[in-house]
Each structure stands twice: as structure tokens, then as C-alpha cells.
Amino acid sequence: MKVAFASSDKIHVNEHFGHAEEFYIWEIGPEEAAFSGVIQVQSEDAPGHSDDKIEARGAALQDCALVYVGEIGGPAAARLVAKKIHPIKSKEHEPILTVVEKLQGVLKNNPPPWLRKAMLKNERPN
């Protein structure tokens, strides 16, 4: 499954969803994980309506099942969930590689139902 990470330093999950200018994309499975690219978006500080920017971010991340962020507002989180993208806050601003390894551990064992559903996101029609 594709997972996005909001980071200001390319190493830690430390950026607010609305302030992130780049999301680092990983393909993650129980046995393998690989960095697959960067999605660039406009910062919420750029001119324009905030709702439009949230929609644009959701559209840019539409192939992702999960997005790890340092912070995210309630309205933005709700819009992602409506697009079947699950936002997850990283309170400790963990390194992306640590999060990838932990996620693989969960996938190898017994993922919770919401995560099993997220893993199948791109395998079924919307």
C-alpha cells in the first residue's frame, strides 16, 4: 500500500498537514518497503481558499491509504477519511524509517480491521 509522510526535513514525521510542501511516498508491505517518490503541494500559507488547498492535497494523495503527519486539523482529517485516506498523527516526530518498520511489523502480524481495509484500498472499486 502507498503511505505518505509529511516532513520538513525528509527524515522525521514532523510537518503539519496544511503546511507541508512535500509528502514522501513509500510503498509498504509486510515483507518489503521502498521509497517511491515525492508529491509536491502548495503550502496553506499560499494565496487562495483553505478548503481548495485541502481538496488539492487530498486529490494529490488519493492513491495513498495512510498519511502520517505531525499535526492535522479536524476538517482536513475528515476530508481525508472521506477519500479513504487515514491520517495518523506522529506525536513524537518519529523518523520515517522507524514508522515504516513499525508499520511492517503490524502488517506481518494481525493488522486491525481498519488497517486491513486500508491495505485493500486500491484493489477494489470506489
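**Close-up 1. Arg-79 and Glu-55 pair up across two helices.** In this predicted model, Arg-79 makes a salt bridge with Glu-55, and their closest N and O atoms sit 3.3 Å apart. Arg-79 belongs to helix H2 (residues 74–82) and Glu-55 to helix H1 (residues 50–60), so the pair ties together parts that are 24 residues apart in sequence. Arg-79 comes out as partly exposed, at 27% relative accessibility. Glu-55 is partly exposed too, with a relative accessible area of 34%.

**Close-up 2. Glu-55 also meets Lys-83.** Here the side chains of Glu-55 and Lys-83 form a salt bridge, at 3.3 Å from N to O. Glu-55 sits in helix H1, while Lys-83 is in the loop between H2 and strand S5 (86–89), so this pair links parts that are 28 residues apart in sequence. Lys-83 counts as partly exposed, with 33% relative accessibility.

**Close-up 3. Glu-94 and Lys-102 make another salt bridge.** The closest N and O atoms of Glu-94 and Lys-102 are 2.4 Å apart. What about cover: is Glu-94 buried or exposed? Glu-94 is buried, because its relative accessible area is 16% and the cut-off for buried is under 20%. Lys-102, at 48% relative accessibility, counts as partly exposed. Back at the bridges of Glu-55, shared partners join Glu-55, Arg-79 and Lys-83 into one network. The structure holds four salt bridges in total.

**Close-up 4. Helix H2 has a buried side and an exposed side.** Ala-76, Ala-77 and Leu-80 are the ones to look for here, as they are buried in H2. These residues cover an arc of only 100 degrees around the axis, which puts them on the same side of H2. Turn to the other side of H2 and you find Gly-74, Pro-75 and Ala-82, which are exposed.

Close-up 5. Arg-57 is found in helix H1. With a relative accessible area of 1%, Arg-57 is buried. Which backbone oxygen lies 2.7 Å from a polar atom of the Arg-57 side chain? That oxygen belongs to Phe-17.

**Close-up 6. Arg-116 of helix H4 reaches Asn-110.** Arg-116 is part of helix H4 (residues 113–119). Its relative accessible area is 38%, so Arg-116 counts as partly exposed. Setting aside neighbours within four places in sequence, Arg-116 is in contact with Asn-110 and Pro-111. With Asn-110 there is a polar contact between the two side chains, at 3.3 Å.

Close-up 7. Helix H3 (residues 96–108) has 13 residues and reaches 18 Å from its first C-alpha to its last, close to the 18 Å expected at 1.5 Å a residue. Buried in H3 are Ile-96, Val-99, Val-100, Leu-103, Gln-104 and Leu-107. They span an arc of only 135 degrees around the axis, which puts them on the same side of H3. So what covers the buried residues of H3? The cover includes strand S1 (2–6), strand S2 (22–28), strand S3 (33–40), strand S4 (64–69) and H4.

**Overview. Stepping back, the protein chain has four helices and five strands**. Read along the sequence, the pattern goes β-β-β-α-β-α-β-α-α. Of the 126 residues of the protein chain, 40% count as buried. Among contacts in the protein chain with a separation of 6 or more, residues 24 or more positions apart account for 52%. The protein chain exposes about 7000 Å², and carbon and sulfur atoms supply 52% of that area.

Methods
Residues numbered from 1 in each chain as written. Predicted model: local features only at pLDDT ≥ 70, side-chain atom pairs only at ≥ 80, totals over all residues. Heavy atoms only, no water. Buried < 20%, exposed > 50% of the residue type's maximum accessible area, 1.4 Å probe, protein only. Contact = heavy atoms within 4.5 Å. Polar contact = N/O pair within 3.5 Å; in protein donor to acceptor, adjacent residues only side chain to side chain. Arc of directions from axis to C-beta. Areas by Shrake-Rupley, 256 points an atom, 1.4 Å probe, with all protein chains shown as cover. Expected span 1.5 Å × (residues − 1).
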